[in-house]
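Visitor: Hi! Could you walk me through this one while I have it open?
Guide: Happy to. Let's bring it up first.

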Amino acid sequence: DQAQAALRAAFGNSDRAVDYLMNGIPAGVGGGAAAPAASPGASAPQSMDQEPDEPSADAAPPSGDIAADSPLAHLSTNPNFLQLRQVVQQNPQLLPSLLQQLAERNPGLAQSINENQEDFYHLINAVPGGGGG
């Protein structure tokens with residue numbers, strides 16, 4: 001899957017893997033792995049560096065047992081965060097370096113994470129597809 005492909009393409013470098021997850025794997029990197037293609041009719045993937053769009057009416061409620069009005073609620077549906085969560089769940093030792101890189105790229109999101117650490121830990125530890133618990 002994409003998270004593992006990004007880590008392989010980055011040759012185990014967690015900083016580079018996060019970059020690949022957020023921006024796509026460049027063509028010819030990591031044994032010919034191509035950047036993920038957008039599905040037809042879908043809008044461009046939203047980077048965690050961008051401000052969240054208005055939630056759609058059919059958006060699922062946040063997973064990970066956090067309030068829908070949490071400043072981090074939008075992360076539960078962000079494809080890049082979901083990939084990041086998978087990487088962290090498989091390699092928990094990467095979390096500090098990933099958070100440091102996120103702070104450099106998106107200080108506002110890093111501040112929100114620091115101010116809402118309990119919500120962040122619920123999100124990062126949520127079982128994919130399980131709605132938390």
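This is a predicted model: local features need pLDDT of at least 70, side-chain atom pairs count only at pLDDT 80 or more; totals for chains, interfaces and linings use all residues.

Visitor: Got it. What order do the elements of the chain run in, from the N terminus on?
Guide: They run α-α-α-α-α-α. That comes to six helices and zero strands.

Visitor: How much of the chain is buried?
Guide: Of its 133 residues, 38% are buried. As for the surface, the chain exposes about 7,600 Å², and carbon and sulfur atoms supply 51% of that.

Visitor: Which residues touch the most other members of the largest nonpolar core?
Guide: Leu72, Phe81, Leu98 and Phe120 do, in a core of 29 residues. Each of H1, H2, H3, H4, H5 (107-115) and H6 (117-125) supplies at least two residues of this core.

Visitor: Let's zoom in on Leu72. What is it in contact with, leaving aside neighbours within four places in sequence?
Guide: Its partners are Ile66, Leu109, Ser112, Ile113, Asn116, Asp119, Phe120 and Leu123. On the scale of the chain, residues 24 or more positions apart account for 63% of the contacts with a separation of 6 or more.

Visitor: New topic: H2. Which of its residues are buried?
Guide: In H2, which spans residues 14-23, the buried ones are Ser14, Ala17, Val18, Tyr20, Leu21 and Met22.

Visitor: Why would residues three or four places apart point the same way?
Guide: An α-helix has 3.6 residues a turn, so residues at that spacing point the same way.

Visitor: And what covers the buried residues of H2?
Guide: The cover includes H1 (2-9), H3 (79-90) and H4 (95-105).

Visitor: How do H1 and H3 pack?
Guide: Their axes are 8 Å apart, at an angle of about 70 degrees. Angles of 65 to 115 degrees count as roughly perpendicular, so H1 is roughly perpendicular to H3. The crossing is right-handed.

Visitor: Which residues meet there?
Guide: From H1, Gln2, Ala3 and Gln4 meet Gln83, Gln86, Val87 and Gln90 of H3.

Visitor: Is Gly24 buried or exposed?
Guide: Gly24 has a relative accessible area of 15%, and buried means under 20%, so Gly24 is buried. Its C-alpha atom is separated by 10.0 Å from that of Asn80, 56 residues apart along the chain.

Key
Residues are numbered from 1 along each chain as its sequence is written. Side-chain values use heavy atoms; hydrogens and water are left out. Buried means under 20% relative accessible area, exposed over 50%, partly exposed in between (1.4 Å probe, protein chains only). Helices (H or I, at least four residues) and strands (E, at least two) are DSSP runs, numbered from the N terminus. Contact means heavy atoms within 4.5 Å. Accessible areas come from the Shrake-Rupley method with a 1.4 Å probe; for residues, only the protein chains shown count as cover. A nonpolar core is a set of buried Ala, Val, Leu, Ile, Met, Phe, Trp, Tyr and Cys residues joined through side-chain atoms within 4.5 Å. Axes are lines fitted to C-alpha atoms, for helices over the stretch in contact, and angles run from 0 to 180 degrees between N-to-C directions. Angles under 35 degrees count as roughly parallel, over 145 as roughly antiparallel, 65 to 115 as roughly perpendicular and the rest as oblique. A crossing is left-handed if the near helix is turned anticlockwise from the far one by less than a right angle, and right-handed if clockwise.
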